[in-house]
Amino acid sequence: MTRLNELRDNPGANKVRLRIGRGIGSGKGKTGGRGGKGQTARSGVAINGFEGGQMPLHMRMPKRGFNALNPGNWNEVRIDRLQAYIDAGKLDPKAVIDAAALIAARVIRRPKDGVRLIGSEGFTSKKVTFNVNYATKGALAAIESAGGKVDIIPAKAPWKKTPYAG
């Protein structure tokens with residue numbers, strides 16, 4: 001049994017902080033590990049991508065691909081997940097399943113720009129009608145082979161302005 005006056009930290013538990021700039025004999029004296037003079041010896045330096053006035057490498061590399069200016073923010077729902085909600089009784093297969101029904105069943109949280117059905121297997125319900133903005137080919141085939149129907153409704157385009165009717 002150890003006594004209170006014999007309590008010690010484990011060896012190596014506390015490390016003594018290296019005090020820089022405390023004399024040449026410390027090994028980190030004089031310039032304190034910052035080298036000699038120049039911009040990087042000063043505080044407040046942020047030159048991560050800077051190459052001394054030369055065009056930086058990331059700007060010299062060719063740009064690839066396409067980035068849409070206004071990408072859609074979709075709710076992507078897998079059809080096997082919808083089947084699980086139908087089996088659990090949270091979605092009514094006799095009613096039309098749209099964004100409002102999915103929100104009520106807590107499949108999705110908010111409508112965003114619309115609903116996309118994805119997936120190609122795992123759907124077995126009969127005669128289910130979906131009102132969605134997009135469905136993959138595999139999702140369409142799986143739902144229609146089970147006897148269901150998918151109505152594609154046009155997605156709202158938030159970037160398009162309505163014509164002025166003044």
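**First selection: Lys127**

Begin with Lys127, which sits in the loop between β2 and β3. The model is a predicted one. Lys127 is exposed, because its relative accessible area is 68% and the cut-off for exposure is over 50%. Inspect the backbone here as well: phi of Lys127 is near 50 degrees, a positive value in a residue other than glycine. Most residues other than glycine have a negative phi.

Next, select Ser125, found in the loop between β2 (115-118) and β3 (129-132). Is Ser125 buried or exposed? Ser125 counts as buried, because its relative accessibility is 10% and the cut-off for burial is under 20%. Now display the side chain of Gln83: the side chain of Ser125 makes a polar contact with it, at 3.0 Å. Leaving aside residues up to four places away in sequence, Ser125 touches Gln83, Ile86 and Ala146.

**The loop between α3 and β2**

Move to Arg106, which is found in the loop between α3 and β2. Phi of Arg106 is near 65 degrees, again a positive value in a residue other than glycine. With a relative accessibility of 70%, Arg106 counts as exposed.

Then select Asp113, placed in the loop between α3 (99-104) and β2. Its relative accessibility is 16%, so Asp113 counts as buried. Which backbone nitrogen lies 2.9 Å from a polar atom of the Asp113 side chain? Show Asn73 to find it: the backbone nitrogen of Asn73 lies at that distance from the side-chain atom of Asp113.

**Strand β5: Asp151**

Select residues 149-152, which form strand β5, and pick out Asp151 within this strand. Asp151 counts as partly exposed, because its relative accessibility is 28%, a value between the cut-offs of 20% and 50%. Which residues does Asp151 touch, if those up to four places away in sequence are not counted? They are Thr129, Phe130, Asn131 and Val132; strand β3 spans residues 129-132.

For a distance across the model, draw a line between the C-alpha atoms of Asp151 and Asn75. These two residues are 76 residues apart along the chain, and their C-alpha atoms are separated by 16 Å.

**The whole chain**

Finally, select everything and switch to a cartoon view. The chain has four helices and five strands, and their order along the sequence is α-β-α-α-β-β-β-α-β.

Zoom out to take in the overall dimensions. The C-alpha atoms fill a box of roughly 85 × 70 × 35 Å along the principal axes. The radius of gyration of the chain is 32 Å, whereas a compact globule of 166 residues would have one near 15 Å. Of the 166 residues, 20% count as buried.

Notes. Residues numbered from 1 in each chain as written. Predicted model: local features only at pLDDT ≥ 70, side-chain atom pairs only at ≥ 80, totals over all residues. Heavy atoms only, no water. Helix = DSSP H or I, 4+ residues; strand = E, 2+ residues; numbered from the N terminus. Rg over C-alpha atoms; globule rule 2.2 N^0.38 Å. Buried < 20%, exposed > 50% of the residue type's maximum accessible area, 1.4 Å probe, protein only. Contact = heavy atoms within 4.5 Å. Polar contact = N/O pair within 3.5 Å; in protein donor to acceptor, adjacent residues only side chain to side chain.
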